[in-house]
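Hi everyone, thanks for making time this morning.

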Amino acid sequence: MSDKRNLFNKVWDLHTVQTLPGGQTQLFIGLHLIHEVTSPQAFEILRDRKLKVAFPERTIATVDHIVPTGSQARPFLDDLAEQMMSAIEKNCADFGVTLLDLKDDRQGIVHVVGPEQGLTQPGMTIVCGDSHTSTHGAFGSIAIGIGTSNVAEVLATQTMFLNRPKVRQVVVHGQLAPGVYAKDVILYIIQKLGVQGGVGYAYEFAGSTFDVMSIEERMTVCNMSIEGGARCGYINPDQTTVDYLRGRPFSPKDADFERATPWWLSLASGEDAQFDDVVVFDAADIEPTVTWGITPAQSVGVSQPLPRISEVAPEEQTLIREALKFMGLEEGQPIKGTKIDVAFIGSCTNSRMSDLREAARIVAGHKVAGHVKAIVVPGSQLVRRQAMAEGLHLIFEAAGFEWRAAGCSMCLAMNPDKLQGREVCASSSNRNFKGRQGSPTGRTLLMSPAMVAAAAIEGHVTDIREFAGAAVC
Amino acid sequence: MSNNEIKSVTATGISLLLDDIDTDRIIPARFLRCVTFDGLGEHAFEDDRQQDPAHPFNQLQFQGAGILAAGRNFGCGSSREHAPQSLMRWGIKAVIAESFAEIFFGNCGSLGIPAVKASRADLEKLAAAIQKNPKLEITVDLQKLTVTAGDIAFTVTMPDSARDALVTGQWDYLGRLLNAADKVTEHAKTVPYLSGFRA
């Protein structure tokens, strides 16, 4: 008899320690990733209650949010950042947790490091005190962001209580047009389903559009599941997944890998797998997409005008007015041509090799517009090193980009990289919330790294398909 | 642990009926540069308050409020527990909203903050009543799943598991999880990737 469970339910069942009478599942967690911002209070809870880390070998820490991407000399200029760095160093030493710190060339954004090291594998349950943990779903795992109390629970027990969500299959069929990237696909999905459309659901991304994506592209898609309200998103494991994992430091080795492979592939939702909901989109309808507002669903295709207030549902009008006012934009105006002040290529959404290669290809031989400050922040030290081995840093620097050290940087501006005043930033990150990039009045336009690169050169939002320098491929 | 039981919350109210209020707005990221949650209360909605003198959290008459009436998808965005921590430390003891983002909802549960859902129409009525009389006493009753305030009364919803945990005082999830430590050790043996993919 075929297994009609989708991947999510197979993996959930496998990790169910017990189900409480109220319906909550005590879920075993296969991999716990931690970082400096959401863990210090959790370790304090363990100290207060005289508890140990239950499975230190299933726990790994890195530092990313507060890391300066310029000078990293210790102590940091920011006392508070230094205090947090010292805290995670002490906590990991005291509790026997491996820490990939700045001296370790494996350090980087936690959602770049996990996959890069082969820690992230199909069929795992993965948690981290960070909402973009959904990224790891790209491998066919259940990967969810958790709060600090949950971090303490998982440290102390390797489990937590969760209610099983429903599963919605989000199908996209067809080939993406030139100049349309994985980032545009997820921005489009969020635009269509809304920022709260996914609440109560896990998203399975399926269909031929995702089938042909690389693992890095799949990570970009799953990363922003949370922006659509879904606490996790995933893509079924296939040969692309297996090929990516082969030979990575924490991947299974030799005979283990050979045994792992059929198990990983067996987890994929079958043809007759059941879902609580299915929505279907056509890749041909997706164009390069740019956010214009203060939620990730407030986006338009780059050739499209902003919405008109009278054309949207009455209950949405207040939010649209608030967004237009904050952004200094007019209803019905084109997004193309909107002047930018800053260009940021980085974040757990888009800071991997394929992102940097594509952005470098676009800026090669061009100069950043005179009024634009442009920075590239690789997702990890290994990404940075590989990019430099390929000479990408020289291309970026020749164009006028700053080439920085690895970290979260201007995605959320907990380090010194911040917008100033009302600056407008073309950003490859994931959130355009008010104040997100470090200035309370700063403004963010989310787009693909290629579109950020083109905007940096032209000094305004540009349709990558029309950008002079880029033979779009 | 009967002293942890939260069967109802009674306090004055404050309303912020906007949709998609994200956790960066509740507590901007720069205030996450800390190793304890102390002191977060004074920074709740800091940037919104700076930019809008009329923001409810700026208004003298709402200082001391304990029940927040909010809109749709309240607490979306980041997983930062700093967000409900800052609200709690500002004085919020319960949140009534049209809907919640999931991680925020879970974090409220971890802190013993009831987060209940109500219809937009009922929230608008409640917000109007709070505006009219900031001293109006509001009660969120978790056993009856009702909100009462003066002559206003309406029903609210909350998942059974979250409600039961508060009402029975069992929202210290860590203690309950620790009780199952033996089961967890046994379960780990059945997880394929912890046993060389032989399980």
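Before we look at the interface, a word on what counts: two residues are in contact if their C-beta atoms, placed from the backbone, lie within 7 Å. And please keep in mind that this is a predicted model.

Let's turn to the domains. Chain A is assigned domain 1 (1-287) and domain 2 (289-466), and their centres, taken over C-alpha atoms, are 24 Å apart. Each of these two domains puts 40 residues into the contact between them. On the domain 1 side, helices H4 (110-116), H6 (182-193) and H8 (215-223) of chain A are the elements giving two or more residues, and H6(A) has the largest share with six. That side divides into 15 nonpolar, 15 polar and 10 charged residues. Chain B also has two assigned domains, 2-168 and 171-199, with 34 Å between their centres, again over C-alpha atoms.

Which residues touch the most other members of the largest nonpolar core? That core has 216 residues, and the answer is Ala343(A), Val363(A), Val452(A), Ala456(A), Val95(B) and Ile96(B). Beyond its neighbours within four places in sequence, Ala343(A) is in contact with residues including Val372(A), Ala426(A), Val452(A) and Ala456(A).

Finally, the backbone. Most residues other than glycine have a negative phi, and most peptide bonds are trans. Here, Arg74(A) and Pro75(A) are joined by a cis peptide bond, with omega at about -10°. Pro75(A) sits in the loop between strand E4 (59-62) and H3 of chain A.

Ser347(A), which is not a glycine, has a positive phi of about 90°, and its place is the loop between strand E15 (342-345) and helix H12 (353-363) of chain A. Ser347(A) counts as buried because it has 29 C-beta neighbours inside 10 Å. Ala413(A) has a positive phi too, near 55°, in the loop between strands E17 (402-403) and E18 (424-427) of chain A. With 23 C-beta neighbours inside 10 Å, Ala413(A) is therefore buried.

Terms used
Residues are numbered from 1 along each chain as its sequence is written. Chains are lettered from A and ligands numbered from 1 in the order in which they are written. This is a predicted model: local features need pLDDT of at least 70, side-chain atom pairs count only at pLDDT 80 or more; totals for chains, interfaces and linings use all residues. Domain bounds come from an automatic or database domain assignment. Helices (H or I, at least four residues) and strands (E, at least two) are DSSP runs, numbered from the N terminus. Ala, Val, Leu, Ile, Met, Phe, Trp, Tyr, Cys and Pro count as nonpolar, Asp, Glu, Lys and Arg as charged, and the others, Gly among them, as polar. A nonpolar core is a set of buried Ala, Val, Leu, Ile, Met, Phe, Trp, Tyr and Cys residues joined through C-beta atoms within 7 Å. A residue is buried if 20 or more other C-beta atoms lie within 10 Å of its own, exposed if 12 or fewer, and partly exposed in between; C-beta atoms are placed from the backbone.
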